[in-house]
Amino acid sequence: MSDQSVTPTPSDPPPPPSGRPPKVINRGRTTVPIASSNSESTDVPEFEHFGVPGPRGLPPLTDVDMMKKPNESNKMNHHTALYQSDNLIIRRGQEFEVKITFNRPFNSAQDKFAVEFVIGSSPQYSKGTYIPVFPTKDRQSPWAGRITNTSDNTITMGITPAADCIVGKYHMYVAVATPYGIRRTRRDISRDLYILFNPWVADDAVFLDDEKERDECVMSEMGIIYHGAYDDISERNWNYGQFNYGVLDACLYIMDRSEMPITNRGDPIKVTRKASAMLNSRDDDGVLVGSWSGDYSYGVAPTSWTGSTDILLSYASSKMPVCYAQCWVYAAVFNTFLRCLGIPSRVVTNFFSAHDNDGNLKTDIILDENGRIDRKRTKDSIWNYHCWNECYMSRPDLPTGFGGWQVVDATPQETSDGMYRCGPASVQAIKHGQICFPFDAAFVFAEVNSDVVFYSRKKDGTLEPVKVNRTHIGRLVLTKNPGDLTRRDITSQYKFSEGSTEERTVLEKAEEYGCKREKSNPALADVDLVLPTLEISVGDDFELSVEFINRSDQERTVDTYISGNVVYYTGVSSSEFLSSYSFRSNTVFLRPAAVKELVSVQSKSYMKQLVEQANLHFIVTGKVNETGQIITAMKVVTLRNPKLSVEVSGGGKVNEEMMATVQFTNPFTFNLEGVYIRMEGPGVMSPKFKYYSLIPGGSSLTWAEFFTPQRSGSTRMIATLDCPALRQVYGQATITIEP
C-alpha cells in the first residue's frame, strides 16, 4: 500500500433528486407540525370513552340548524347576506345563533353539552384552534355561550366568538357528556362556518366607527380606480366581487399557500403583511404575475381585466400565478381580499409617484452641459401614478395615535425583510415623518415626498445640482368618495402643505432617521417655462405650445431642447419620437414679457411606437445664455382612446332575463387584430369575454349577452376592449334592478 496522501478534489454537493431545494420539515423541532392550512383538518373522535365500555351502534346524536339562509337573522345581523355561499358566514365579536334538536327536552340541571369549534390540522385549546362553548354561565370559555330559547326538544344557543379569534373556516360539533364518555355529532360539511373580521364591533382591531365609510370600504363591490395624469385624471371601473361564489375560499387559499400559521390569522397586521407578499408572484408563487413589457401573449393584458373574480378563482383552481398585472390590478385584487375577509380597505392613487434607486428622498435627472437630458445616466423614474391600498386597523405595536388607515402595497417594487411586499405602514406615521415605525413607512414616505433634482454633468463626470423641484412628487393622492361616484382628495392625510413650517419639521425628522435630501438650493432662474394641458385623441396631429416668461428686467435668450418619448405609466421610456428638437427662442424683453413657440407633432411619428395607456412624455430643458441658469419643464400627455358603448335592455327585475349590448367602431384606417372584449356586473352578470380575430379599419361590431339579475339595487355593467394595437378602451352602463 502506498503511503502517499491523496488530496481530495473539492466539488459542490449533489443537488436534491428533484432539482429543487429540500422542503423544510418540523421533525425533531416541534412535537407536531405547525398548523398552516385552513383546508386541512383532523378528524375529531365521535366518541371519547371514560374508560368504561359503552354501548355499540348508537343512533345519531342530534340535528343542528345553522340558521344560514340569507334572509335569516345570522347573515342579516352580521352583514354577510350578500356572500354567495351555502355555509354560515359570521363576524367575530358578535353573537350568532344555532338551533340544536336533541332526542328529548334539555334539562339544564342534569344535561351537559358543549358546541365545539375546530380549525386547522392540530387543534389545541391553548392555541385558540379548539374552542368549546358552554351554555351555562358557571362554565365559560373565550367564546361566550347562552341559551336564548327552548322549545320541546329544541334549544336555540347564542354564541359570541372572541373579538380577536382566528379568521377562517371552522368545523362545528355538538358534544354531549354521557355516563360512558363524550359523544359528538359526526363531521358534516354543512355545519362548517366562516368567521370574518368585524369592523362593526368596537373590540375588533379593524373596528371603523364611521357608517358611511364602513359601508363603502367593506360592503361596496364596485369601485373606481383613478389613473392618467394629475391634471388629466381618468377613471377605471372595477368589480371587486368580494361576495361572489368561491372568492372567500380563494382568499383563505392564499393564506394557506403562504403557509401562514393558523394562529396568526386573527391579527390584521400579520394577515395584511403576508397578503401583500402573496398577491404578487415574485418570490412565493403568489396570485399575480407582473408585466410592464407590452407583450401579454401568455395571459391577459392588465388593461383588459374588469374585476377580481376571474383572477382569484383561476389562482385557487389552477394553483398557478395568473398573468398579468400592473399596479392597479394588484391594488384592486388586494382590495377584494381585504374586503372579503372583513378588513375595511380602499384603493388609493398617488399622482407623480417617486421610485428612486438609491433609497433617498431624491429623484435624480441628469442633464448634459447644454441642458439636454442624459437618458442613459438617468436611472430613477417618476410614475405618472401608482396605486396602493389603505386598510383600517388599530396598531397596538405602535405608540398611541398611529392606528387607523395603513398603507399596504402588493406591487413588487422593493423587498422588505427579504420579500416583495410593503406595509402595513401607518398613514399618520408617514405624514409626521415617523418613518422608523414598521412596516416600510420610509419607502412610502419617499413615494410622496421626494425632490426632483436636475444635475448638470460636467465633462469630468462630476454632477452639479442646477434645479430642485420640491413640489412635483406626490402632487395629488386620490380615492373614491364614500357613497357616490366622485373622487376624494386625501393628499393632506399624507403630507402637510408644501412650504409650511410643519412640512419642514417633518422632513427634518425624516432626515434624522436616515432619509437623505438634497441640501443645495440652486438660485431660481429668472425665466420660466410653461407647458399647457392638452386633450388629444389617439391618432391626432397636434401642436405643443412652449411658453417662455421673462421675470427679469433684462433681455434674455435661451437655447432650448425638447424631447418627446413614448413612456409607460411608470415613467420608463419605451422609445423616442421627438429627438432633441431644438430652436433658439425669440429674445424675451422687459417684464412682463412672454414668447410662445409651437412644436408640431405628427401622429405618424408616435402611433407605431405607442404602448398601453398611450402616454407621451415631453421634457423641455434650456440654458439661459446670459446667466448660465438651467430651466426645465415636464408634461405627460395621456392620449384619449375611443370608447365602448354599453347598453342594457329588458325587464329590470330580479330573475327576469335582460340583455347587455356592447358596440364599438374602429376609428382607425388600420385593422385591429386579436381583440378581446370583457364584460361583467356585480350581482347581475358573471365575467364573460368574446374574442375577435380582426376588426377592419372603419368597421363596427356588436356583441349581445343575456343575463338574469340575482338581486335588486343599483349597479353597473362594465366592459373593456383590448388588443395589442389598442389598450384601455372602456365603457359602462348604470342599471337599477327592482325586486
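Reply: A polar contact is a pair of N or O atoms within 3.5 Å; within protein, one must be able to donate a hydrogen and the other to accept it, and residues adjacent in sequence count only if both atoms are side-chain atoms. The model is predicted, so local features need pLDDT of at least 70 and side-chain atom pairs pLDDT 80 or more, while totals for chains, interfaces and linings use all residues. Numbering starts from 1 along each chain as its sequence is written, and side-chain values use heavy atoms, without hydrogens or water.

Start with Gln 629. Gln 629 sits in the loop between β32 (615-624) and β33 (630-638); strands are DSSP runs of E, at least two residues, and helices runs of H or I, at least four, numbered from the N terminus. A polar atom of the Gln 629 side chain lies 3.4 Å from the backbone nitrogen of Asp 526. The side chains of Gln 629 and Thr 627 form a polar contact of 3.1 Å. Leaving out residues up to four places away in sequence, Gln 629 touches Ala 523, Leu 524, Ala 525, Asp 526, Gly 622, Lys 623 and Val 624 (contact: heavy atoms within 4.5 Å). Pro 522 is 107 residues from Gln 629 along the chain, yet their C-alpha atoms are 9.2 Å apart.

Now a helix, α10. Glu 503, Val 506, Leu 507 and Ala 510 of α10 are buried, that is, under 20% relative accessible area with a 1.4 Å probe, protein chains only; exposed is over 50%, partly exposed in between. The buried residues of α10 pack against α7 (427-431) and α8 (441-449). On the other side, Thr 501 and Glu 512 are exposed. Just after α10, Gly 514 has a positive phi of about 105°.
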